[in-house]
Amino acid sequence: MTTPPPTLELSADEARRIALRAQGFLGAPDRRAGVRGVLRHLGAVQLDTISVLARSHELIPYARLGAVGRRTVEDAYWTEGHSFEYWSHAACILPVEEWPHFAFRRRAYRSRPHWYHDLPDGAYDAVIKQLRAEGPLTATGLGGANNGGEWWDWSASKVAVERALMYGEVVCTERRSWKRVYDLAERAIPDALLHDDLDDTECLRRLVRLAGQSLGVGTRADIADYHRIKGEQFDAVVADSGLVPVSVEGWAKPAWADPAALASPPRGRHRTTLLSPFDSLIWERARTERIFGFTHRLEAYVPKPKRLHGYFAMPLLAGGKLLGRVDPAREGTTLVARQVSLDTPKAVAPMARALREAAEWVGCDYVRVERVDRPELTADLVKALD
């Protein structure tokens with residue numbers, strides 16, 4: 001692909017601030033739009049099974065809006081047909097208005113050979129028939145999620161409904177006790193949106209534009225990774241996406257920016273908060289290192305003796321920079337900081353503030369610090385917490 005010559009050069013600091021504003025961490029939060037506004041602004045909120053302080057999809061709006069009620073978060077996502085769950089960056093909550101733009105992915109799933117799960121004759125049609133007759137159901141309601149073996153030993157009904165989900169005939173409209181609730185797309189998606197009329201080019205152009213808006217500025221890899229499209233798919237549509245080519249100080253590769261992000265300099269108050277490892281600000285690890293000079297890795301699946309920062313280390317964002325991280329846990333009404341990593345003594349006060357706010361949000365009235373990677377800062381952190 002031939003990249004047009006950049007029309008604007010950004011400093012590394014400008015790019016960082018543009019990214020922070022685009023992700024909702026710089027400037028006054030839009031509290032009137034609330035959680036649904038955060039979802040529309042980000043375009044996708046990743047789901048994950050791990051729950052420490054809270055599940056990741058709860059931590060995302062908390063990080064941007066502050067202590068919004070956890071029930072409020074769930075209701076904002078799952079009531080009144082505002083969203084659906086589908087495969088984007090990973091399993092994500094998506095604004096319902098983006099349903100037509102994932103037609104390219106639904107078509108790709110339909111055209112590929114079926115994955116390794118066997119599906120008995122008639123099982124697919126039986127699941128559709130049951131949903132039509134009984135309304136929204138979990139896999140349990142459809143006959144059980146598995147066959148009694150390991151977690152991947154899915155029952156025929158689970159295989160069928162997951163296949164229908166990928167094809168777009170079925171929609172996940174809610175998580176209930178972390179179980180997907182399935183319904184027919186014809187009931188769950190508004191009539192005006194329930195179509196696959198857009199060709200792949202139109203879908204990809206829209207998703208590239210959305211990713212650029214959500215990131216503010218990014219490289220080819222950054223933008224393609226946001227909704228997990230291929231690099232060549234990005235190449236085919238970026239020229240018509242509305243994003244503009246820029247160069248960024250210290251970035252070795254070309255970049256593109258949202259024109260609206262360039263229209264005014266990013267100003268306002270920075271959020272001080274703990275980030276989920278699945279926050280879209282830090283999804284792409286190479287981008288996180290490039291923008292913040294911060295190396296982050298989820299260590300939940302790393303053997304405990306090999307972990308550097310802990311099971312669910314949450315980066316600390318303060319003053320527009322990533323200054324450390326904490327591996328939290330809960331014991332009754334105590335928030336336990338099992339391991340605190342501080343990049344600088346200046347991180348002590350914002351870490352204490354972020355821990356106090358997080359504790360209050362999840363109903364804890366005390367914070368206990370177990371270990372600090374720089375022991376000489378332990379007393380200062382405990383004092384700041386008190």
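Me: Is Tyr86 buried or exposed?
Reply: In this predicted model, local features need pLDDT of at least 70 and side-chain atom pairs count only at pLDDT 80 or more, while totals for chains, interfaces and linings use all residues. Residues are numbered from 1 along each chain as its sequence is written, and side-chain values use heavy atoms, with hydrogens and water left out. Buried means under 20% relative accessible area, exposed over 50% and partly exposed in between, with a 1.4 Å probe and protein chains only. Tyr86 has a relative accessible area of 2%, so Tyr86 is buried.

Me: How are the ring planes of Phe84 and Tyr86 arranged?
Reply: Rings of Phe, Tyr and Trp (its six-membered ring) pair if their centres lie within 6.5 Å, and planes under 30 degrees apart count as stacked, over 60 as edge-to-face and the rest as tilted. The centres of Phe84 and Tyr86 are 6.5 Å apart and the planes stand at 40°, so the pair is tilted.

Me: Which residues do ring pairs link into a cluster with Phe84?
Reply: Phe84 is itself buried, with a relative accessible area of 0%. Ring pairs join Phe84 into a cluster with Tyr86, Trp99, Phe102, Phe104 and Tyr109.

Me: Which residue in β6 is the bridge partner of Cys172?
Reply: Strands (E, at least two residues) are DSSP runs numbered from the N terminus, and two of them pair if DSSP finds at least two bridges between them. Strand β5 (residues 170–176) runs antiparallel to strand β6 (residues 179–184), joined by 6 bridges. The partner of Cys172 in β6 is Tyr182.

Conventions: Helix = DSSP H or I, 4+ residues; strand = E, 2+ residues; numbered from the N terminus.
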